[in-house]
Amino acid sequence: MKKKFVSIGIGVVVLMLIGLIWLNLDINEKQVQANAVVLSKQVVELSDDNPTFVHWGKNYPQYLDMYLTVEKEAPKATEFGGNFAYSKLIRYPQLTALWAGYPFSLDANEERGHFWIQVDQMDTARNNKDFLNAHGFPKFGGQPAACMNCHSGWSPYLYRVVSKGDWVAFNSAKYWTMIKMIPAVGGIQEGSNAHSGVHGGKRMGVTCADCHNPEDMSLRLTRQAAINALVARGYKADPIKGIEATTEEMRTLVCSQCHVEYYFKPTGTKVKTFGESIATDSTKKWWDGTQKTYDEYDSWRDGNSATEIETDGIELTFPWRGWDRDKPFRIEMFDDYYEAVRENFPADWIHKDTKAPMLKIQHPESELYSGGVHAANGVSCVDCHMPYVRKGAVKVTQHNVTSPLQDINASCKACHTRQTEEFLKNQVLDIQKSVAFDLRTAEYAIVSLIQDTKKMRELLGNMPQYQTNGKADEAKISKVLHNVLELHRKSSMRADFVGAENSTGFHNPREASRMLLQAVDMARNAQAELLKIALDNGIKDFKISNLGFEDIQKLNPGEIQYKVDMNGHKKGDRYYHQGINNAPPKEMLELDSNIKPYNYMEIDSLKPMGAKTIQVSH
């Protein structure tokens, strides 16, 4: 009997402790919310009709100051990131071969952060039809407005007001057409420098309104593609918050609006949307002499105006079918998804050298993070990338969204209290170096496969049985190479997944390494298949490649230059202004030269870059 009372007593104490802990957490959360209110002053009325951060920042100036820090700070580079917009193609020349035939093979720079994402999207050569058509991409039709979903805080307004809630019509318009529809607000004049600028103008990136409800600043989802995908995964739609989810879930899901893989799903139907009257002006031509269908400028000019057109419908879609709620993502889910929709969406592009139907992965941070140790322990994106910091006497979330390595004390040490900042930083870098080795191994193996497949296509094309009317029949050749091309598609998707994901595998190193080992295995199996094809066709002395670091450096394209005189630029002119598309710092290249093969003595002796400030001229 006595033991029974002791057990009951212990149970009561445990319940009381749990209650006290919960109460303490609830009080802390309410204190943080109260502190946020202390920092705010209701100077203006907030609404979705004016999502500019300049307007919202009048009520939350401290948060705006944090967000705008990146605008004026000198570019900084870390071993595998930073906000210095160097050319990834110069640092990783293998990408030019991996993406051959796709605009990314011409222009891909390191990201500069949320403030600059609309500026960088408008400036990139991948959004310049004239430039791309003159530089080997004659079929490029121009980016759609669907790209704006992740790059512009104006996207919800344009979808709701300009496209009148027609999701397909919004996505299917041209990017440059929809840009012209952004209204002038807050006293900004149409056509003024401010209207074309980054502070509330057309080049404005992420805003407060993207994640916060104007009524009470609670977290919400504003991107329809994310809402659609989450509903398909088992969440319920909510007219105010986008979807029903806890506050802790929302601290990750607001980031999942954009930090995901996506594709433009063809609807198979025509849609009426906005076009431009320039399409009927016979005096307006592209560089190659064909009729202009839109103006690559952010305002209406020279009599150009909006008009209704009919075009093929597309829908921004996250390929999340098969990824259930509260389950970790696995790369095989993309295999299954893209195979299931292959009849409707066969590929992002056809590889220039191998003719394989390829998939281009975007920025799948949400997918990789979902199976990592931090996700398993309830750590959200905000906990690490927007940690609590002190502003005077109050505690607020840091709104200069950046790498946790920039403030390890506020981010990592909130949980890892026993480790020093130096230890934690070295742990992160050690994981990233290991994944980088796996990634380089996979990429080099795939480039070797590409080189061998290209050679095999040439050899088969010289044989009468693979010719039609005396010329190489690419369809016949692709048929005999079917297994090779499928392995190229899947292995490249895995390498691209880890390369496009912005943590160099840190969000889930086990899954990153697993899919990269698959990529290497697939590439080598494809090379073995090529040897068999050579044997079956009597091709002697066919040898498979095994390219290394020095071989890959021969693919370095250098900074982007104009190859022809066009649009006021001379052949040889630099495409970007200084500070964008430069070569990476020498420390990065020194690290890369020792990653593959892994020279541990050199790598272990290299001093961490920290956050190296880069001096650039403007």
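A nonpolar surface patch, as used here, is made of Val, Leu, Ile, Met, Phe, Trp or Tyr residues with over 30% relative accessible area and no salt bridge, their side chains joined within 5 Å. Areas come from the Shrake-Rupley method with a 1.4 Å probe, and only the protein chains shown count as cover. A salt bridge is a side-chain nitrogen of Lys or Arg within 4 Å of a carboxyl oxygen of Asp or Glu.

The model is predicted, so local features need pLDDT of at least 70 and side-chain atom pairs pLDDT 80 or more, while totals for chains, interfaces and linings use all residues. Residues are numbered from 1 along each chain as its sequence is written, and side-chain values use heavy atoms, without hydrogens or water.

First, the patch. Tyr598, Tyr600 and Met601 make up a nonpolar one, with about 340 Å² of accessible area together. Tyr598 is partly exposed, at 31% relative accessible area; the classes are buried under 20%, exposed over 50%, and partly exposed in between, with a 1.4 Å probe and protein chains only.

Now the salt bridges. The count is 29. Glu276 pairs with Lys180, their closest N and O atoms 3.2 Å apart. Both Glu276 and Lys180 are buried. Lys270 pairs with Asp312 at 2.7 Å between the closest N and O atoms, and Lys270 is exposed, at 51%. Lys284 and Asp302 form another, with 4.0 Å between the closest N and O atoms. Lys284 is partly exposed at 26%, whereas Asp302 is exposed at 62%. Arg330, Glu332, Glu511 and Arg514 are linked in a network of salt bridges.

How values were computed:
Patches are made of residues with over 30% relative accessible area and no salt bridge: like charges are joined within 9 Å, nonpolar side chains (Val, Leu, Ile, Met, Phe, Trp, Tyr) within 5 Å.
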